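The tour below moves from one selection to the next.

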Amino acid sequence: MTGTRRGAGGMAALTALTLLLGGCSDAGPEPGVGGEKTSAPGPDDENAHEGGQKPEEKTRILGDGSTSVTGPQPHQPTPRRLPPGEKPPQFVVFSWDGAGEDGNRLFSHFRKVAKENDAAMTYFLSGLYLLPEDEAERYHGPGHEPGASDIGFLRDENIRATLEQLRLAWLDGSEIGTHFNGHFCGPTGVDTWSVDQWKSEIRQAKWFVEHWKTTTGWKDMEPLPFDYDEELIGGRTPCLEGRDNLLPAAAEMGFRYDSSGNGTQVWPDKEGGLWDLPLQQIPMPGRSFETLSMDYNFLANQSKTVDGPVAMRPEYRKQWHDGLMQGFERAYEGNRAPYIIGNHFEQWNGGIYMEAVENVIREICPKEDVRCVSFRQLVEWLDVQDPKLLARLRTLGVGERPEGGWQEFLAPPERREAAGTGAPSPGSEGAATG
């Protein structure tokens, strides 16, 4: 089945939105293919990543000049192990699905907001946002005809703008992850893909980043300042589908985390060798249920359309803002579990979701003990922690404060045993998630 192709170039709302009410949709440190148009290798060629040239000063150009090695990423915190008895920082990850720069210039806007609030973010790039539409047949979405996609291709000026924002975002200290490519959902989408098909999709996502000079012919532009083979360590699947077969494929291809799950506000564990960092169920003020911490999921439970009634927009905006804040406060004053928030660079319902999330960033990132970080920075912190300490944190349920305070709860095991507090209290919720 061939997916929809849009040539208009703007990042308009997705053409096939799955509205699952109340549930899944597309939804320390100082933490901080093979087209036949040219003789170039196709994006599904396992050997398509070409070797770099000899270093020239501090920059080593890779492949066709689309990417480069420029040294360690700037503005990265040094992770440290949490000492026994110390309260964990409150990590918050703001992440963006699709991550391209269109005429609304939301990518560049939120880069500025991040810098003003000492925040790093994760931008999940859709690989097709660097592929010109006249080169579309280089993309072979598994189970679909060459060139098919359920999201549109960007205009040339938007591809150039996206490349510039990716460069600047990485230099700011933020992360470039992946939202994969064609955004296929539903009965013929990513949920049907095998492990090998997911590996093909990942190879292609990398290829489009590593060969944009080949596909665009823009030899005058500077290369991106990173090696995407090293930079790419995680992503989020379209519509949060297909995760079962993605995990083994992603682990084999060097990923360190996945953010495609439907979770709760508890401390993370690994699944299939990857850190499981899902979107989380948070309060939806005024409703009897919770929904995922993503703009789209609130929209799906509000207007059910990207262009809902204008009169309701102030209420929708407040509900999204207040839901995010209630989720934050529940973690900040409770178990201090990392808080994961998902967004799209979209002007749905007149841009109210963008306005509200910007206010949330400005309200919470400057707070004491709050670290607004990328997924990469969170993973770096998790990797240096004592596994026993993380296991202890996972005994805390959603919003649960440690009995006796943090100093007692995270005291050395021998001291807790002597005090008779080595095990979680019988009534604590959610003992050990995973």
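**A tour of the disulfides**

Begin by selecting Cys 365, which has a relative accessible area of 7% and is therefore buried, since the cut-off for that class is under 20%. Bear in mind throughout that this is a predicted model.

Show the sulfur atoms of the two residues, and you will find a disulfide joining Cys 365 to Cys 372, with an S to S distance of 2.1 Å. If you turn the view to look along the S-S bond, the angle about it is -100°, and the link of Cys 365 and Cys 372 is left-handed.

Now clear the selection and go to Cys 185, which lies in the loop between strand S5 (175–178) and helix H3 (195–210). A disulfide joins Cys 185 to Cys 239, with 1.9 Å from S to S. Selecting Cys 239 takes you to the loop between strand S6 (234–235) and helix H6 (243–252), so that the pair, 54 residues apart, links distant parts of the chain. Here the angle about the S-S bond is 85°, and the link of Cys 185 and Cys 239 is right-handed.

How many disulfides does the structure hold? There are two, and, when the bonded cysteines are counted along the chain, their pattern is 1-2, 3-4.

Terms used: Residues are numbered from 1 along each chain as its sequence is written. This is a predicted model: local features need pLDDT of at least 70, side-chain atom pairs count only at pLDDT 80 or more; totals for chains, interfaces and linings use all residues. Side-chain values use heavy atoms; hydrogens and water are left out. A disulfide is a pair of cysteine sulfur atoms within 2.5 Å. Helices (H or I, at least four residues) and strands (E, at least two) are DSSP runs, numbered from the N terminus. Buried means under 20% relative accessible area, exposed over 50%, partly exposed in between (1.4 Å probe, protein chains only).
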